[in-house]
Each structure stands twice: as C-alpha cells, then as structure tokens.
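Visitor: Hello! Could you walk me through this one, a few questions at a time?
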Amino acid sequence: MKGIRLFLVFFVVLVVLVIVRTTNKNLFKNDASGAVQAAQKNLVSVSQLKNSAGSFLLVSIDPEPVSHPFAAENTIHIPFEKLLEKDNRKKLQNEKGGILLYSTNLALSSKAWVILNQLKFSNVYILSEEENPEEFKYTFQPEPSIRLE
Amino acid sequence: MNARIKLSVVLMGAGLILAFLPYNASKTFQMKPDELVAEALNNEIYFSVDQVARFVNNEDSAIRIVDLRSREEFLECNIPGSVNIPFNDFLNPDWEGYINQKTVKNIFYGNGEETANVAWTIATGLGYENNFVMKGGMNEWYKTVMLSNFEGDRITPRENALFETRLKARRLFTQLNSLPDSLKMQFLEAKRLEESQLDGGCE
C-alpha cells in the first residue's frame, strides 16, 4: 500500500510537469517538418494582395516603421525583436483573418514566419514585393569548348 | 480501492501523458522562441557571395556549400563543390548527417533570400549548429560573381584582388556547369561518396 502511495505521488508530480510543459507559451511544440511543407506556399505577392478579397492584418517587422504603397488600413508595426512579447502575441492571436509579415528585408520576414509557424500560428504569410523571389533570374550559358583544368 | 484498480488508473494516466507528448519529439525545435529570435538577429550567420567565392577558389575543406534548390535547378548550374539538399527534403533523415554536425560550416543558398533563411531558422531551432546563409542566394552570386565587370582607368590592389577572386570563381563555375550531364553526374556522385565516407557513412 505504501508503495502504491509513493507511486501515486510520483505520478501526480509527473502530471503537473506535463501540464506545465504543455501550457508553457515559451516552448515550441510543433513538428518542424510542418514548416518545411507550409513554406512551399507561404508567400503572398503585392498583386495577389490587391486582388484578394480576404481580410489581412499587415504586420511590419522592420526595426522602424516603414511606409509602403500597399499599406492597408489594418496595419501594425511590431519590430522583429518584440514579436514574442505578450501584448504583441495577443494581437496576432486575436486576428481571425490572415497575418501578412512585411519587411524590406525578406530574410527577416522568412525567419519571423518560421518562428510563428512553429508557435502554431497557421494563418501567417510573407508579403513579397516580387511575384516569385525564389525564381532564378538569369540563364546560364554553358561553354561546350571548355575543359576541366 | 483494489490495488489493481489503482494501478489501472495510473496506467491510463500514463497513456494520457503519452497522448499529450509531441508527435515527433526529435523534430521539435529545441531552442526557446526568444533565444531563436535573438539568434536570428545575429548578422554573423551571413556570408557574402565574395566570401563564398574565396572558399570555392581555395577549396576550403572547413566549408560545405549547401544548395537548397530542386535537383533540376541544381543540375542546370550550381556553385562548384556544393551539395544538393532540396528544401522540400530538408528534414529527411538521410541529410541529418550533413545538417546536424559540428565539423564543417554549412552555407545554405537558394535562388533568393527566402528558402535559405527558412532552412537556417529550422536548423537552428532544432539545435543544429554550424549553419550559415549565403546572402542574396544564387541570384546575387550570378549578379556579383558571374556578371562582374571592371570599368575605369585605375584599380586599387584591393579591387584587383576582389576582381581576381570573382574571375577565378566564375571560371570554375563555368567549367563545372559546362560539363556534359554524364560527366557532371559522375563528378557529383564522386563528391557525395567522398563526403559520406568522411561523415562515417558506409556507402
């Protein structure tokens, strides 16, 4: 009987630890492979945005607020380093439509996108000024006469 | 209450705990979100295309250049010495030995900025070290290294050294990528084999 009691105490401690871990907001819980899949379709171009009927919250994540021609009414500025502050997280969580991350530096919005995706924000996209920024813009011309040195 | 019933309750509780655990714990970010944000702001994760051109020219063995584009794009043209890990296959366990290691510096590139930075954030979040990004990707490489041109009457020694580096890297790039497909495949296969042997593989 004493053994069972000891086991129950241990079990309760374990349950408490699991609950703490599950509800801890400062931990990633998503499977990273989900980000690889979702990254294939996480870009929204300016022209797509103009033609879109859906509602979006545009989040500018540059250190300083940048005025851009496609600024929607629903625009907020959250510098990248403050993205995870409690109030800012709440603003993002309260958004029912899509969240569009915008930065003059696509590298920054790409990193922010992964972080939010792994924090279970499934409605986050990257706003890109180019139609397809991952397209190779040049054509390599091979030189058939060339030989390895 | 019967001890057996108590034990059943305990076992059912344990089952509940298991149900709450992440699906694949090994592929969940190990880094805390605020730590990852701080790390992402560090500009030391970037190498310029000129730095990469120097590594290519010197065949620097402490550097591994990782091409994250599709196999087709990679075969069309790639930076000499690079390894192709298509981004949609990035977390395939076959590549883990390349991405999760402490021996060489991996430099990721895609065509633009997005893919390489997403890959870097995923790798760093998973706690993998030694991963970096080539700033601007293949488009920047092409613009700066392949299409660089000197115009002017005088050239400083520094400018000359930079131009020489680009010229040599451009020559290597053109040589490798002008090879017939069969030879290129042989070259890439030999390189892959060499790398897997260095990593302790058994191919």
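Guide: Gladly! First a definition: contact means heavy atoms within 4.5 Å. Please keep in mind that this is a predicted model.

Visitor: Then, leaving aside its neighbours within four places in sequence, which residues is Ser45(A) in contact with?
Guide: Ser45(A) sits in strand β1 (residues 43-45) of chain A. Once neighbours within four places in sequence are set aside, its partners by that definition are Leu127(A), Ser128(A), Glu130(A) and Glu131(A).

Visitor: Is Ser45(A) buried or exposed?
Guide: Buried means under 20% relative accessible area. Ser45(A) has a relative accessibility of 1%, so Ser45(A) counts as buried.

Visitor: With which side chain does the side chain of Ser45(A) make a polar contact?
Guide: A polar contact needs a pair of N or O atoms within 3.5 Å. For the side chain of Ser45(A) the distance is 3.2 Å, and the partner is the side chain of Ser47(A).

Visitor: How many nonpolar, polar and charged residues has the contact of α5(A) with α6(B)?
Guide: On the α5(A) side the residues include Leu106(A), Trp113(A) and Val114(A), and on the α6(B) side they include Glu114(B), Trp120(B) and Ile122(B). By class, the contact has eight nonpolar, three polar and two charged residues.

Visitor: How many of the ten residues of helix α3 of chain B are buried?
Guide: Helix α3 (residues 49-58) of chain B is mostly covered. Its buried residues, among them Val49(B), Phe55(B) and Asn57(B), pack against several elements of chain B, including β2, α7 (137-146) and α8 (157-178). The buried count is seven of ten.

Visitor: And which residue with a positive phi follows α3(B)?
Guide: The phi in question is near 45°. The residue that follows α3(B) with this value is Glu59(B).

Key
Residues numbered from 1 in each chain as written. Chains lettered and ligands numbered in written order. Predicted model: local features only at pLDDT ≥ 70, side-chain atom pairs only at ≥ 80, totals over all residues. Heavy atoms only, no water. Helix = DSSP H or I, 4+ residues; strand = E, 2+ residues; numbered from the N terminus. Nonpolar A, V, L, I, M, F, W, Y, C, P; charged D, E, K, R; others polar. Buried < 20%, exposed > 50% of the residue type's maximum accessible area, 1.4 Å probe, protein only. Polar contact = N/O pair within 3.5 Å; in protein donor to acceptor, adjacent residues only side chain to side chain.
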